[in-house]
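Here is a short report on a two-chain model.

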Amino acid sequence: MPENTLPKLLKRNAEKYGSRKIAMRVKSRGIWQSFTWQDYYENVKYFSLALLALGMRKGDKVSIIGENKPEIFWAELAVQSIGGTVVGIYTDCTPPEVKFFVADSDSTFVIAHDQEQVDKLLQIKEGLPLVKKVIYWDPKGLWNYDDPILTSFTEMVDLGKRYEKDHPGLFEECIEKGEGEEIALICYTSGTTGMPKGAMISHKGLVAIAQAWRDVDHWSPNDLYVSFIPPGWIAEQAVGVAGQLVSGMEVNFPEEPETVQENIREIGPTILFFAPRLWENINRMIQAKITDTSAFRRWIYHLLLPVGYKTAQHRSSQKRLGLIFKILYQVAHWILFRPLKDRMGLSQIRCAYTAGSAVSPDILNYFQAIGVNIKQVYGGSEQGLVTIHLDGQIKYETCGPPMPGVEVRLSPEGEIMVKGENIFSGYYKNPEATREKIREGWYYTGDFGYIDEDHHLVVIDRMEDLKELKGGRKFSPQFAEIRLRFCPSIKDALVVGGEDKDYVTAIINIDLDNVGRWAEANRIPYTTFTDLSQKPEVIELIKKDIQQINKFLPEWSRIKKFVNLHKEFDADESELTRTRKLRRTFVENRYIDLIAALYGNDREYNVEASVTYRDGRRGVIRTSIHINPVEETH
Amino acid sequence: MSPNPPLDKERTITDKLKVKDIHLNFGGVSALAGVSFDVKAREILAIIGPNGAGKTSILNCINGFYRPQKGELIFEDQNIYHLPPHRIARLGIGRTFQNIELFIGLSVLDNLMAARHIHLKRGTLAGALYFGPARNEEIRHREVVEDIIDLLEMEPYRKKVVGLLPYGVRKRVELGRALALEPKLLLLDEPMAGMNLEEKEDMARFIIDIHELKKIPIVLVEHDMEVVMDIAERLVVLDFGKKIAEGAPEEIRQNPLVIRAYLGEETSESEAHA
C-alpha cells in the first residue's frame, strides 16, 4: 500500500525506526529533550483518540495556533489521522484575525500554545459557537483558569489512553481509511490582496511536494533540520512536517524565539529554511559586527570576501577553478568563512532555503560566497513547490528550473501558470475564486515573470503590483525595494509611481541600529528615530545608496525623490503583513499626502501622526520631514 | 495577564507575618515610629509612601538587616525579632533589593544556583568531587532553577554573565534568586523601579504568576501607584515612619491622608510619584 497520507507515513516510520531513532528534539529546561518515532506516534495516537472521545468527526476542521514545538506536529498528525483538516494560524494574529480564521474554516476545536493564545480565544469564544474545546499545552499562567472550554494536552493524552481501552485498534483503522484526496490542511493566503482565502491542500499534494523535494536535495534520515518558520506556512508544512515524514530527518525545535540563534549553533543543522527577512537580518548582523570589530579583522574580511565571491561564481556555474584560487579559497575558508559560519551556526548547512517574498540576489550571492549553500524556492500555498535552485546551477536572480512533474507556462500577459500534482485543491467554501484561479488544470499564480534561456524561472513581481508611469512604461516597485533593503542603512522601502505620475519616488525606513551606530562613529548627535532620520548627514547617506541602485535601473524607473519616514513601518499598525511583507495599498493610502508632496515642489512636509501608546493613551506626533531630490550620477 | 487573580475558596485567614509596633532610630532620626501590620497567608500586600517614608526600612527590619529598637516580628508563630539575616532567610523569607545585589561576574544560572545553598545537604568535598548523591542533588537543584528560568522567561540569558545584562533583566534575575530559596514569604523592594512600561507589565505578570503558582504571600514596596493598585490586594501607606492608612486599593485611593501625603502641600518632589 502506498503511503499517500501523512498519518500513514508516520505509522510506517514508527514501525521502521521505533524507539531506535530520534524523530524530534526540543530544548526545554536548558536541555535538549529527544522524542523517538515511537514517542511521536504514541503522542499522536492518544491525542487523536481523545479528539474522537470529545466528538470530533471525519472532515472536521481544527485550528492550530502556536509556535514551533513538538506538540504542534503531534496535534496536526492527530487531527489528520482521523480524517480531519488542520488550519494553521500565525501566533501574532490579533483576536479579530484569529476569530476570522477559526470561524471561516468552521473549526470545531482550537489547539492553542499558551496563555497568550488562550486569552485571545477566551476573548472571542462567544462568536465561535462551533468550537467545542480549546486545548493548550503550555500551562504557565493558566493554573487558575476554570473556563470549561479549556483542556490541557496532558489531560487529552490521559483521556486518549482511557478511550483506547474501550476502542482498541480504532486509531490504526482510522489511519488505514485515510485517502490521499482528503484535505490535509487549509493555508490562509497572507492577504496582501483583500480578505484571506483558505487554500485547501490534499495529503496527496503535500506528499508529492515533499517527495519531489526530498529527491532533488537528497534529504536523508541523517539530516538535521531546525524548525523555525511559522508552522502555518506551507513551507514549514512541506519541509518540517511532510518533509520529515518522507525522509526521516530529525526536526529540532528552539527553546524560545529569542534563543533561535543560540539553538541553531548548538544543533548545527544541515537543512534550514528562513524567510528572506531572516537571511537579510543575519547578513545585516554580520555587517554590523564587522563594522564594530578591530581594523585588522576588518581588513582580513574585506581581503578574503572577494575570494568567496569568485569561488561561488565558479561553483554555481560548474566551472573549474584554477589551482591558485583553490588554494586561496582554502585559506579564506579556514581563516574567515569557517569561523564566521560557525558563529552563526551555519557551518554544517547542506541546503539552506528561502522563499516567500523575493529575496535580493545580493543576499544569495553573499551567502554562497561564504560557503552557505542557499537556494531560492518558488512556490506558495496554492501552487505548491514550483521551482528550486539545483546544486551547481545557481543563478541568483532566478528561482531555478521547475521541479520534476511540474509544468510551468506563461500567459500572453506574462503571468506564471502552473500545472501538476502539487497545486492545491481549491479555496475553502469559495468555488468561484477557485474557478477563477484554476482553469483547465492550470493555476494562474498572479505572478509576473519570464523563463530564461536555461529554463530558469524569474519571478519579478505580483501582476497587480506592476506599476505604470505616465506614458505607459511599466516598472516593478518591488524590484527596486529589495535592492534598497540590501543597503545596511535601509530597513524598509516603499517605491511609488503611477499612471498619473511622471517619475518614481521612494519612502525609506532607515535602519536604526546601523544608522545609529554610523552616527555615533561620525559624532552626529541625535535623540529619537525621527530626529536621526532627518539629519542632513543621514539623508546624504541614504541618497548615495539610492544613486547606487539607480545605476542598475532603466532610465525611466529611477528614483527621483525620496523621504526618510519619521517612523518605522509596523505590523501592529497594519503597515506590514504578519510575515513582514509591506502592505502596499494600505501604506500608499495612509501616506497619500506625503506621496503628493513627493510630486510637488515643497522641500518639507509636516507630519501629524496620531499614535496609540502602549498604555492606551492617544497622542499626536508633529514633525516636519525633508523631501530630497536624487541627482543623476555619472 | 488576568487583572485580579480569583481568590481561592480554601484560602486560610491566618497571618503569615505580624509586624507589631516597630520603632527604628538612626541616632536622633526616627525612621519608623511604631509601625504595625499583618501579612495574611497568600495575599499580595503593597507598602507605599513618599520618599523617606520608611518603606525599605521596614523590609530591612523584617529580614534582619536592621535591628529595630523596639517591637515584635512574628513569622509563622516564631519571633524573628532578634535573628540575624541568614537565619531569617533559612526560615523562609526571601527578598529582592532596590539596588540590585547580584554576583555580577557570574552567569544567571550560577546566581540562581548559589541561592540554592541553603537547601544543599552535601559537604564541600562531595560537591567538589561531584559523584553519587552530590551529583543527584545538584541535578535536582538545577531542575528547580530551570523551573524558575521558565517561569520568569529567562531562557535567552541562562548562560549570560549578569554584569552584561540590561537593568530590567537583572531585576528579573534578582526575583529569580529570591524564588530559588523557595521562600514562604517574598519581600520585593521596588521591583519595577526604573523600568519602562513594557518591562513593568512583564514584572507585574511575573509577580501575579508567582503568587498564583507558589501560593505564598508577597510584600511589595513600590513607588509606582498605577501598578500597585492593579496587583495588590491590600495596601499599607507609610509617611514619615508612621502608618497613615491600610486597606483595599479603592479605599486607599480616596483616603484624604494618602492624597495629602502624596500630593503634599509643601514638598514638590513627592508630586512626581502621585
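In this predicted model, 6 residue pairs are in polar contact across the interface of chain B and chain A, with both residues of each pair at pLDDT 80 or more. On the chain B side, helix H5 (132-151) and helix H7 (197-214) each supply at least two of the residues that touch chain A. That side of chain B holds 13 charged residues, 7 nonpolar ones and no polar ones.

Salt bridges also cross the interface of chain B and chain A: the rule finds 3. One of them joins Arg158(B) to Glu255(A), with 2.5 Å between the closest N and O atoms.

How much area do chain B and chain A bury between them? The figure is about 1600 Å², with 47% of it on carbon and sulfur atoms. Within chain B, Glu155(B), Pro156(B) and Glu212(B) lose the most area to chain A. Together these three make up 26% of what the chain B side buries.

The residue counts for the contact are as follows.

| Chain | Residues in the contact |
|---|---|
| Chain B | 20 residues |
| Chain A | 16 residues |

Now to a loop of chain A. Asp147(A) sits between strand S6 (133-136) and strand S7 (150-152). Is Asp147(A) buried or exposed? Asp147(A) counts as buried because its relative accessibility is 18%, and the cut-off for buried is under 20%. Its side chain reaches the backbone nitrogen of Ile149(A) at 2.9 Å. Neighbours within four places in sequence aside, Asp147(A) is in contact with Leu122(A) and Lys125(A).

Definitions and conventions: Residues are numbered from 1 along each chain as its sequence is written. Chains are lettered from A and ligands numbered from 1 in the order in which they are written. This is a predicted model: local features need pLDDT of at least 70, side-chain atom pairs count only at pLDDT 80 or more; totals for chains, interfaces and linings use all residues. Side-chain values use heavy atoms; hydrogens and water are left out. Contact means heavy atoms within 4.5 Å. Buried area is the accessible area (1.4 Å probe) that two parts lose on being put together, summed over both. A salt bridge is a side-chain nitrogen of Lys or Arg within 4 Å of a carboxyl oxygen of Asp or Glu. A polar contact is a pair of N or O atoms within 3.5 Å; within protein, one must be able to donate a hydrogen and the other to accept it, and residues adjacent in sequence count only if both atoms are side-chain atoms. Helices (H or I, at least four residues) and strands (E, at least two) are DSSP runs, numbered from the N terminus. Ala, Val, Leu, Ile, Met, Phe, Trp, Tyr, Cys and Pro count as nonpolar, Asp, Glu, Lys and Arg as charged, and the others, Gly among them, as polar. Buried means under 20% relative accessible area, exposed over 50%, partly exposed in between (1.4 Å probe, protein chains only).
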